[in-house]
Amino acid sequence: MNPKTIFLYGPPGSGKTSVGKILAQKLNRDFVDLDVWIENRSNRSIPELFENEGEAAFRVLETAALKEIIQDNTGSVVALGGGALLNGENRRLVNQNGQIVCLMASEETLLNRLKTADTKRPLIADNLPQKLKSLLEKRTAHYQSFDPLDVKTLSITEAADLVQRHLGLFHVTGMGSGYDVFVKPGLLAEVGAYCKQYGLKGPVVVVSDRNVAAHYRKVVLTSLEQAGYTTAFVSLNPGEAFKTIDTVEKIWQAFLNAGLERGSTVLALGGGVVSDLAGFAAATYKRGVSWVVCPTSLLAMVDAGLGGKTGADLPAGKNLIGAFHAPRLILADPDCLKTLPAVELRNGMGEVIKHGLIADPNLFQLCAGDWQFNLTRLVTDAMAVKIKIICEDPLEQGRRAVLNLGHTIGHALELVSDFKLKHGEAVGLGLLAEAQLAEDMGLVLADNLVTDIFETLVKVGLPVCIPAGMDLEKVMMVMQHDKKRSGGVVRFALPLRVGEARTGYEVNPRLVRTVLTGLQVEEGCQQEGI
């Protein structure tokens, strides 16, 4: 593996070292502090170097150390000194070998941090307030040239989270050695390079469906072949109705025909149905082969493609067969969303709204606003919520069950509608119904929760009522086969307020029936997609 190095830059006190250590831990990478590296190589502290040899001599050492770090520590998180990139050669060097993230805070914030810092900065050691003011006057334009991230109101952990979202880079732990997730426009054209970078072997079998293949088959196969891979392509019928064991058997046969070996790679190119099926086929073929996810729908990017949960449906319910099988890599290209029909974009918003309800009020607010104009942010923020939760509970033994919010009812509605209700539409209805359950049970901790969810669904264009004529008794029966059932009881995840949901609630079936009946009206109700 040879990922790009991440360089953290910014003025003294911006948190480069503290943020860098947390970021490196989150990304499963090594951390390097440039100043500490120089001190270890020279056996002298930075203040001693400045005092005995002067700033000019120190800058020479700094450039030499930077070159050595880049050569020996590719893929690390590196905290740079506050003036390291004033040198044009250094700036070109880091630009060529990684990504620069500049952290910035107000003068007041920097001063307060520096007053309590253990390390003394030579250029501002005496008369700290005046020296810092003077340094910022000289360098602010320089720092602004890096389009810095404002971290003045953030904790160190929050700043590290912000950097991850800015980079579109996450690492998912808990299954095997973990895997990296990238979010970047134009990423599909680089699939082959990323697979090579991460040591994946061929032949590569790409599993997709007819709709997605029409847009992206050529660009993905060309990228893989240019990277030296032998490829094969499997095109499936699109839609949840084909998420069956018969389709899995078709994929297995394609693996055999392509000569797929234990060391080969499967690449899922498509939405949630494709990733579930391709992942399950990869998990079960020759007892498990490596796979890569290239999600092309919003639903797959923020939900189905993450977490290593794979599977297929049975007539009695969704995802009743499956396996946990972590991918080696996830490559999400938000540009794919430009070719997505509006109804499919809205479909993915059901899961995005859910993630905001669970843990991110700002994301929930974005869903109620002009979310269409910032799809990359929408994807990264929604991903961040799910990734944090699955890292805490990779095999769904506790906390991860909160991701089932909206799904206990939603899956049943989806199945009983014979998939005329799309997944995100059904989940949105599930969110609304389960918020009403929470309110009726006296669990809600904030006013207007049901109204806020209702208005957000309307704003997005998702339905807010159950289709007239749907058999609610059948919905109740299907819920009893839900895969989240334990000890003969279906337990719900319920929202308590925007940004908080909890799991493990046993709900009286009569109350569920009453809430569903209240949502099933004949007229005056938005039914997008029905």
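Visitor: What separates Lys388 and Glu392 along helix α15?
Guide: Quick heads-up: this is a predicted model, with local features needing pLDDT of at least 70 and side-chain atom pairs pLDDT 80 or more, while totals for chains, interfaces and linings use all residues. Residues are numbered from 1 along each chain as its sequence is written, and side-chain values use heavy atoms, leaving out hydrogens and water. Helices here are DSSP runs of H or I with at least four residues, strands are runs of E with at least two, and both are numbered from the N terminus. Lys388 and Glu392 sit four residues apart in helix α15, so what separates them is about one helical turn.

Visitor: How far apart are N and O where the side chains of Lys388 and Glu392 meet?
Guide: They meet in a salt bridge, which takes a side-chain nitrogen of Lys or Arg within 4 Å of a carboxyl oxygen of Asp or Glu. Lys388 is exposed at 52% relative accessible area, and Glu392 is partly exposed at 44% (buried means under 20%, exposed over 50%, partly exposed in between, with a 1.4 Å probe and protein chains only). From N to O, the gap is 2.9 Å.

Visitor: Are Asp303 and Lys354 buried or exposed?
Guide: These two form a salt bridge, their closest N and O atoms 3.7 Å apart. Asp303 lies in helix α12 and Lys354 in helix α13, so the bridge ties together parts 51 residues apart in sequence. As for accessibility, both Asp303 and Lys354 are buried.

Visitor: How many salt bridges does the structure hold?
Guide: Some of them join up: Glu240, Lys243, Asp276, Asp313, Lys318 and Glu414 are linked in a network. For the structure, the count is 27.

Visitor: What is the angle between the ring planes of Phe182 and Tyr194?
Guide: Rings of Phe, Tyr and Trp (its six-membered ring) pair if their centres lie within 6.5 Å, and planes under 30 degrees apart count as stacked, over 60 as edge-to-face and the rest as tilted. The structure holds six such pairs. Phe182 and Tyr194 are edge-to-face, with 5.0 Å centre to centre and an angle of 65 degrees.

Visitor: Which ring does the charged end of Arg91 sit over?
Guide: A charge counts as over a ring if NZ of Lys or CZ of Arg is within 6 Å of the ring centre and within 35 degrees of the ring normal. The ring in question also belongs to a cluster, where ring pairs link Tyr9, Tyr143 and Phe146. At 3.8 Å from the ring centre, Arg91 sits over Phe146.
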